[in-house]
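Reader: Before we discuss the chains, I would like each label set against the rule behind it. Please take the terms one by one.

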Amino acid sequence: MSDNASMDGHPPNLSSIPAGDSSLWADASPLLQAACTGLRDGELIHGDNFNLFAAMSALEIMDPKMDSGIVRTYYSIDEAIENGAAPIPISPDSTIDVQCTIDIMDHLLACEAAWHKGHSLAQTVFSCIYLLRLDRTAPHALLHSYCRVVRATCKAVVSVVSDARTHEEEDLFTMVYGLPLNGDGDDKCLSMLNAVEETISRQLRACKAASSKRRLPEDLEPLQSNPNLEEGFCKALLCRLRFRKHFFHILACMKRPQGRGLESARKHIASCMTELDSILKSADFVRSCFGESCEGDIDEKTTASGHEPIGFDATLNSRLSAPMPPRAIKILSWKKAVEYFVKLLHDLDAICSYSLDPHLESLLRFVVQFQKSQPDLVARSHLQLLSVQDGKLYGRDPFFAVITKAAALPEATKNHDIQKNESIVQLGMLVMNLLKILCTNAAWQRRKLGKLLQDWRVIYLQLELAFRNEFGEVSSSSNDENICMKIFQHILLWVEEQTYWIAFRFLILGFELELYSTSEYCMVYWYLYAVLIKLAEKTHLKMAVSYDTAKRKGKKKKDSPKDLARESRIPPAVLFLQCYICLAEGLTMMLAALRNEISVFQSPGPFNTEQEKFAQHFELLQRACIPDHVSYPSYKESTTHARFSTLAMYNYFKDAQRMVKEVKSSFSNDPDRLAELRKLEQVAEHNSVAQNLICRLGALDPSLKVSFEFSHHPFFATVVVKRS
Amino acid sequence: MEAMAEEKTEFEESEIKYVSYGGEHHLPLIMNLVDQELSEPYSIFTYRYFVYLWPQLSFLAFHKGKCVGTVVCKMGEHRNTFRGYIAMLVVIKPYRGRGIATELVTRSIRMMMESGCEEVTLEAEVTNKGALALYGRLGFIRAKRLFHYYLNGVDAFRLKLLFPPPPPPRQEL
């Protein structure tokens, strides 16, 4: 049904359409009319190539392109403009014009935050009619330059997120079909903004001078007509303009290759924070100068003044741009938008402060730590682009060099020809992929990490095969072959360690994402225990081999007592893992005992058993044999004999407490690890007490209720015992 | 202090009658319930798609002739597994908390199992504690978390129930 068809059954006269060379027009209206009256409401004509699924999928309710019942105020941008929806100037009264301009700036910021948070550009920033027809704002220098910078900023941000190319489920973000995102001369937008900033700065100086009764040589035109409000308006505008300027600079600096612009970016981030502060402080003035107060809760408004901005209509785009969900969305409140940008700036600052450590392990730890603050897509994309550029780490270090360093091989190894080996090349790609995935949102990340397990297992087997093919039957040992063997050996060990680290991460993310129910904790902690044992083993082995290699390189003839002592001491990194192992084992056994003795934390359903749940949760790990010889029967075997009496005999949590205390000193220079050790200590302490209580009273006191909280540590639960 | 009064209807569980989808006369009942209670607007073709192709998987609950709950499902081949999918589940407010939803879903799942499904799946908002508890009790696990699945920004869990493998065919002596 087109807009032109009338509803009263009189079709437009079609007999006037002339016949063409190979076409003849016939009026089909009577046929369609008959068909319409022949069908009842909700009936559907279907055929072989238009079945129910097609019918269901074809209709999109509330999408005006197919739901013609959807009524709009305006059906095109031009119609909106013709009807005064986006006037230029905004008001003939210069004071109101300035107030409205500030409202537009504030609402645009709120729209931008809403876009970053996951809505489409079309329904947020480009709901602004002024932005949709930027050229017509030219007579209004302030609005024009501001809108230009916003457009250029959005384009830069889309570019960053697109380049990261792991938009995860957030592919809504980069949808820009039909939106005027590219503007001629937008790269000069800052000079335009600077000009306007300069004018307003001069105006501010002028009114400050006027208030102190000093005369200025210049004769400036005031911003607006009320001299009492001039200073306030200048300040309110300046901080908003300066915020945009510095934010644009941040994006440009961070885009520079190999992290060259990070230090400059930090300066602009600091300036942005200052301007945001000023913007917040300007809210009182902006709100007060309107005279009448606005209705409703000011905190929910999208502008500092609390007034609705002029010139926005989210529905205009619904007919123009391609896939855009037709629902009305809620733009973030202005307050929340500012909060979002403050957080974004903090996250970007954390990225810019990173030292670009050539050690892969250091970057992995940094990314994991960074993700704890739950950064949003824009921040994460920047981290991803910093980490992997042009197939190199930080755009700087080839991945083979990174791998040899991570595998504790000597520096010179990075030039070895073995890097041309196909499996080694593939390994490099896997590492790149891993880094990218670690920068995505936790939900997406976990799914991808699960899939990665198979890839890492396969690469290990391929490398092992290549190793055996090369050195399996070799009796003579040329120098080069010795080196090759050493490289393979180290890399194989390192690949195994990384694989178990990925498995570990996959399992613990399940806690963060709340994927496990309490009745599943026992099997999860058991599996985690199994993975951690292997991880600790591989880490220890890698360190021992690397020490061995270093020793041999140094051509030491005799071990000094100090060397022997160092060799026999367990490295702190492994001790750290052993703390984890103790806690995992402790929780497994406690949960098993509780289940076996008083039948809690099990969840028998009518359709399946614990075995199916085990199979589902650990499917990807099992498929990749990580670890080997781990199965549901072995889980049952390990836990079936757990009782309160067995728990009383051995307190894993006390062990963990002791270990944490011992290992703390080794991490005195690592605040992140120290902080985590403290958390582990708290968990161990609480759980030790809880375990004693349960052992003494558990079977006897039916009013005892056990629950689990993640109040101290993100994946090791604190056991809480209460009387109900 | 006034307690939050949620008008609940008094009834005996035995008064609830469960019926398999019986035809066009049930369609408006289902549509009204779902339109009333769920936030997603569906066209009539969406309902038709489900109930025409899999009538045996949709059930309605009646109390004294009034339709108070419904479940709408489908099943089919999905990446080499034959899988059931629970599309809509509604019980009107005065009748909630009495096991009607559980009974409706259970009947559907049983039918899926008998039809050879290997697993059943659905999505639920992470904030929908009621649904998560209901499906958890039936043996569903939270297989995945879907970031910002719903347009209002809420995440979803993909819930999955894996049936045990069917018992091996008995050897005829």
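Author: A disulfide is a pair of cysteine sulfur atoms within 2.5 Å. This is a predicted model, in which local features need pLDDT of at least 70 and side-chain atom pairs count only at pLDDT 80 or more, while totals for chains, interfaces and linings use all residues. Residues are numbered from 1 along each chain as its sequence is written, chains are lettered from A and ligands numbered from 1 in the order in which they are written, and side-chain values use heavy atoms, with hydrogens and water left out.

Reader: Why is Cys579(A) too far from the closest cysteine sulfur for a bond?

Author: The closest cysteine sulfur, in Cys582(A), lies 7.0 Å from that of Cys579(A), whereas the rule asks for a pair within 2.5 Å, so this pair is too far apart for a bond.

Reader: What makes Cys579(A) buried?

Author: Buried means under 20% relative accessible area (exposed is over 50%, partly exposed in between, with a 1.4 Å probe and protein chains only); Cys579(A) has 0%, and is therefore buried.

Reader: How do you know that the side chains of Arg145(B) and Glu514(A) meet in a salt bridge?

Author: The term requires a side-chain nitrogen of Lys or Arg within 4 Å of a carboxyl oxygen of Asp or Glu, and the N to O distance between Arg145(B) and Glu514(A) is 3.2 Å, so the pair qualifies. The count between chain B and chain A is one salt bridge.

Reader: How many residues does each chain bring to the contact?

Author: With contact meaning heavy atoms within 4.5 Å, chain B brings 36 residues and chain A brings 38 residues.
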